[in-house]
Structures are given as C-alpha cells and as structure tokens.
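The sequence and the structure come first, and the description follows.

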Amino acid sequence: MLVVGLIEPVVPSDIDLVPLLEQVADVRTECARLMPRIGKEARQSLARILRAMNSYYTNKIEGQHTYPSDLEEALSNHFSQDHEIKRRQQLALAHMEVEEELEKNTRSQTWAEMFQPEWIAGIHRALYSRLGDDCRVIVDQDGNKRGLMEPGEIRAGWVKVGSHAAPDPADLPQLLAHFHFRYGVPKYSDSMKLVVAGAALHRLSWIHPFPDGNGRVSRLQNHLLLHHMGLTEGLWSPMRGLARRQQDYYGALHQADLPRRNDTDGRGNLSSKGLAEFIGFWLETCLDQVQFMDKLLSLDTMQARYVSLALQFLHDYGRGPLLHHRSKLRPELLGRALHRLFVEGRLDRGEFKAMIDSSDRTASRVISSLLEQRLVVSPSRAGHLEPGFPFFSFRFLFPGLWPEAEGIVSVPGNVVSKEKHP
C-alpha cells in the first residue's frame, strides 16, 4: 500500500455518511439560533472568558489542567510560587493567546489553507514558542526524558500512544501532504465541511506529526475550522464536551484507529465505520454544546439570572447592603439594565443610569462598584459600558457551564476559592 493510503478513507463511505449529514443539519440549525442571542461586544467579551474555559478543558484532557482560581490569577499576571502550578498557568495562557490570535487569521484563510502542513506546524509553533524549556521536554511512555521539542518541527522519532503506533517519521511529509490534498477541497459543501472537520480531528491525531502536543494541536485546528465556518463566534467549542466525556472521546478515537474490518467496511486501510462512529460522537458533542449554550442564553432565564445577580450585588453577596439604606435602588431594575447591556453589547452610561431609576450619585456609585468587580467594563473613565464576566459570576449567570470555576466564591480583589490543591 502507498504511504498516503494509510489514512484512507478520509471520509466515511456513502452509506455511513447518511446519518452523519442528518446530525450536521441539526448542528447548523442550532448554531443559527444561537448567534443572535447577544450583541457583538457582549459576544466578544464572553468569548474572551470562554477561551479560558477552553484552555482549562483541553489541558484537562492531557492531565495538565490548572485550577480556575489559579487561571484567573494568571489572567491578572499573578503567578504561583509553586513551579508546577506556574508552568500550568503559563500553558493555559499560551493556549488562550494562540486561540485568539489564530481565530483572527482564519477568516482570511481559504478552506484549503486550513489544512496545509505549514498551517498545522504554525499552530504547534505558536503554542510552544510561548513556553519555556520545561514545557517542551519530550518523555516516553515510561516517563523518561528523550530530548527537547522544537516548536513547529515534525518529529524524527517513533512514537506509540496507548495502543496506537504512530506512522514512520519518514512518512510524515507525504501523509501531511495527503491530509491537505484530501481535506482542503474547495468544492466541499458547507455540510460536508462539517463532516470533514470531524474526520480531520481524528486523522491529524492518528498521523501524530509532532513529538508532543498533538492532541492540543488537533483540537485547536478543529476549533479553528469551526470558527472559519462561522459556527462558533466564540460562544461554544467542542473542547468542553470532549473533556467532560473524556473516556467516550478516547473510545471513539480508538474505534477510528482500527483497520478495515471486512469487505463492507469501506475501501481504505482504516475502518470507514470506525471513522463514522468517531464523527458521529464529535457531532453529538458539538450539538450538545450548542444546545447547552442556547439554553443558558435564552432571553427569559438569562434576565432572571441577572436580576438574581443584581440582588446579590446590592447585598454585597451576603455581607450586608452595598448602599446606604436611603439610597433606593431596585434589584429588578439593575438586573434588567445588566441584561440589556448583555443583549445589546454596549450602552452609554447615561442610558444605563436612566434604566436603574435612581439619583445620579447613586447610579455613579453602582457603576463604580460594577467596574471594580468587572461585572461591567469600559474603555475609559467616562466611556460607554460593556458586559464583563469575572469567574465568580459564572455560578450566577452560567450555572453548569464551567462547574469547576463555580468554586470561586468571592469578588475580584478578594478572591476566596473552595478549590483544594492536592
């Protein structure tokens, strides 16, 4: 068999495609419903904090996640004195920076360019060039050090991951060229592109082009393909779902690793049915994540959660009234104003003050406290307001989205975490 045939089939056979295309239609429909939920600025603000969640979950899959409280500290440029915690903080930040940087590039990229070997190597280089030597040490399955990884460089040695023996390093240039040739087809329909995105997640992992970091790079490339197609806008990513179903994820990867089973299992080296099962699992994960976010962002429940947060805010989260008893401010009005800000994405300060129906002095004090807690943000001292999403707010606004972050129980500047380090 020719080397390039090792990763065939790159998409399942026609008979295995039919149920997948039905799943694709569901994902696309739900994505179209999700996007209009909130304004552009709010979407961008939420996307920034969800990148932290993505970094948490993709690193958790690798067994190297950090605690959300440590991650929030790192976002404020405060790093742990513990070497291992600091290393993981830096790894998480690097993932967030690369995700944001490359998302900006994807819209100017063609579909074919998203599969070029140079693009794949560029993801690896962008991630690991931000990290020190201790994050680039290559170890074997027994934990023995085998050298130092160079960012973006294709591996020169043999690798075995679980039961999968990765291809001969001499074959990697041909396999990556074939990966680009077969997946970067401009004539793919939008529906087939979604199937291809799922298939490529496995096949790139199977090729295993780098000494280390292949899982992270494969998931980042997968995330960027979805962004390129305009399906995420930073509001969701399969990374969360894959991490929360980690054993199922590994099981699906294993099924797609299997060789062709019989004469009805496609015409390639690998199993068509196994690949279809993996893509089906991936599409199911995508649909679950989109529907979960759609439910969280629904108009009626989101406004109620903002009113609940406003009530907590005005009572200083159980510590007593935030304002003097004569300063009357109704929590339902503040909650509606915050929700309106969330939906619109930005409001002038005067408009926000008018919505909470209080004296200018009281309204100014409230805005000052909201800014201090990062529940709202502003580009300048007197500029317009945009929504903010500090980690502690997740348990009020997005319950269940990032359960681990709900362990942060206090406000910025005085963060107290329930999390326990081992």
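How many salt bridges are there between domain 1 and domain 2? The count is four, a salt bridge being a side-chain nitrogen of Lys or Arg within 4 Å of a carboxyl oxygen of Asp or Glu. Glu-41 forms a salt bridge with Arg-346, with 3.8 Å between the closest N and O atoms.

This is a predicted model, in which local features need pLDDT of at least 70 and side-chain atom pairs count only at pLDDT 80 or more, while totals for chains, interfaces and linings use all residues. Residues are numbered from 1 along each chain as its sequence is written, and side-chain values use heavy atoms, with hydrogens and water left out.

The domain assignment, which is of an automatic or database kind, gives domain 1 as 3-297 and domain 2 as 299-405. Their C-alpha centres lie 36 Å apart. In contact (heavy atoms within 4.5 Å) are 25 residues of domain 1 and 25 residues of domain 2. The area buried between the two domains, that is, the accessible area (1.4 Å probe) lost on putting them together, summed over both, is about 2100 Å², and carbon and sulfur atoms give 63% of it.

On the side of domain 1 that touches domain 2, the following elements, taken as DSSP runs (helices H or I, at least four residues), each give two or more residues.

| Helix | Residues |
|---|---|
| H2 | 40-61 |
| H3 | 68-75 |
| H9 | 238-244 |
| H11 | 272-296 |

H2 gives the most to this side, with eleven residues.
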